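Good morning, and thank you for joining this group meeting. I would ask you to look at the sequence and the structure together while I speak.

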Amino acid sequence: IWPFYRQIYLKADFIKAISHFIEKLAREIGFKGPVAVIPNAVDVAKFSMPVPRETEVELKSKFGKKLGDVFLFTASRLVLSRGVEDIVRALALLPSHVKLLVAGSGEDKEKLEKTAEDSGVADRVIFAGQVNHENLPAHYKISDIFVRPSIVEGFGSSFVEAFAAGIPVVATPVGGIPDFLFDPERNPNKPATGLFCEPNNPESIARAVGRYMKEPALVAEVVQNARALAEKKYDWDIIAKDMRKEIFDALIIPLEVFGRKI
């Protein structure tokens, strides 16, 4: 279907891209018209709001989180392109009190369960199933590190949700992720908002997680910078204004209603 997909780009009058990665893709395909990069939005207030104590206690009990446990959290469709299998394999390289909480459903769940068994960490991987979006903030709040080593990602709203929720992020430098995630080693001149790992590399994931576990000052810095960035650039109110200014105000198309142009 690629030829048809390409025609969608080439026949467009105006393209709104969710990341510079998508903008670059449009240009590589051959689109010559105007492109506005406006990312997806996140309800920052919702994800940064404190979770009721009873809800937190209930969830920790449900998933068996004990004092001293470190929960890695990922929220995505259970397909191999999201890299969940690499997080599972990384668990075998991390201390036994590090566990993985997975929110989502998908066709590759059985493959992921088999990977956990083969890696000897089946008792440390918790599949929470599909989680209603209204309940996602609480799952972030009971977790310690958000990890999503995607192979491809147009933008990745879950990362910005983690920013707002106040937990540090490990991600791959693919697709639109470098638009908002700045690793202190890769981006020394920007405020650090997370750590990068390599795609298809469990050892790299384990190193990034281990670094957070050993460097509480880094965690504090990343969490503060990431939340500030989410508030400044990715909240719904900000994105809605950008959409009106950059898209709708730019597309002034006469409309005819009952024979009259408006």
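Does Lys46 count as buried or exposed? Lys46 counts as buried, because its relative accessibility is 18% and the limit for buried is under 20%. Please keep in mind throughout that this is a predicted model.

Let me stay with Lys46 and turn to its partner. The side chain of Lys46 meets that of Glu134 in a salt bridge, with 3.2 Å from N to O. Lys46 belongs to helix H3, residues 44–48, whereas Glu134 sits in the loop between strand E5 (125–129) and helix H7 (136–141), so this pair ties together parts that are 88 residues apart in sequence. Glu134 counts as exposed, because its relative accessibility is 58%. In general, side chains of opposite charge can pair when their charged atoms come close.

How many salt bridges does the structure hold? There are 13 salt bridges in the structure, and I shall discuss some of them.

One of them joins the side chains of Lys65 and Asp144, at 3.0 Å from N to O. This pair, too, links distant parts of the chain: Lys65 is in the loop between helix H4 (53–62) and strand E3 (70–75), and Asp144 is in the loop between H7 and strand E6 (145–148), 79 residues apart. Lys65 is buried, at 16% relative accessibility, while Asp144 is partly exposed, at 29%.

Another salt bridge brings together the side chains of Lys114 and Asp118, at 2.9 Å from N to O. Both residues lie in helix H6, residues 109–118, and they are 4 residues apart, about one turn of the helix. Lys114 is partly exposed, with a relative accessible area of 44%, and Asp118 counts as exposed, at 56%. Elsewhere, salt bridges that share partners join Arg53, Glu56 and Lys60 into one network.

Why do we call Tyr140 buried? Tyr140 is buried because its relative accessible area is 0%, and Phe146 is likewise buried, with a relative accessible area of 0%. Ring pairs link Phe47, Phe73, Tyr140, Phe146, Phe155, Phe159, Phe163, Phe180 and Tyr234 into a cluster.

Which residues touch the most other members of the largest nonpolar core? This core has 38 residues, and those with the most contacts to other members are Phe73, Tyr140, Phe146, Val169, Ile177 and Phe180. Several elements give two or more residues to this core, among them H3, E3, H7 and strand E4 (98–103). The largest share, 6 residues, comes from H8. Apart from residues up to four places away in sequence, Phe146 touches several others, including Phe73, Tyr140, Phe159, Pro168 and Val170. There is also a second, separate core of 29 residues, which includes Val84, Ala116, Val125 and Val209.

Let us next consider the sheet. In what order do its strands stand? The sheet is open and has 6 strands in the order E5-E4-E3-E6-E7-E8, with parallel pairing. E5 and strand E8 (195–196) stand at the edges with a single partner strand each, so one side of each is left without a neighbour in the sheet. E7 and E8 pair in the parallel sense over 2 bridges, and the bridge partner of Val170 in E8 is Leu195. Helix H5, residues 84–91, lies across E3, E4, E5 and E6, and runs at about 160° to E4.

Arg6 has its place in helix H1, residues 2–11, and counts as partly exposed at 33% relative accessibility. Arg6 and Ile29 are 23 residues apart in sequence, and in space they are 6.7 Å apart, C-alpha to C-alpha.

Thank you for your attention.

Conventions: Residues are numbered from 1 along each chain as its sequence is written. This is a predicted model: local features need pLDDT of at least 70, side-chain atom pairs count only at pLDDT 80 or more; totals for chains, interfaces and linings use all residues. Side-chain values use heavy atoms; hydrogens and water are left out. Buried means under 20% relative accessible area, exposed over 50%, partly exposed in between (1.4 Å probe, protein chains only). A salt bridge is a side-chain nitrogen of Lys or Arg within 4 Å of a carboxyl oxygen of Asp or Glu. Rings of Phe, Tyr and Trp (its six-membered ring) pair if their centres lie within 6.5 Å; planes under 30 degrees apart count as stacked, over 60 as edge-to-face and the rest as tilted. A nonpolar core is a set of buried Ala, Val, Leu, Ile, Met, Phe, Trp, Tyr and Cys residues joined through side-chain atoms within 4.5 Å. Contact means heavy atoms within 4.5 Å. Two strands pair if DSSP finds at least two bridges between them. Axes are lines fitted to C-alpha atoms, for helices over the stretch in contact, and angles run from 0 to 180 degrees between N-to-C directions.
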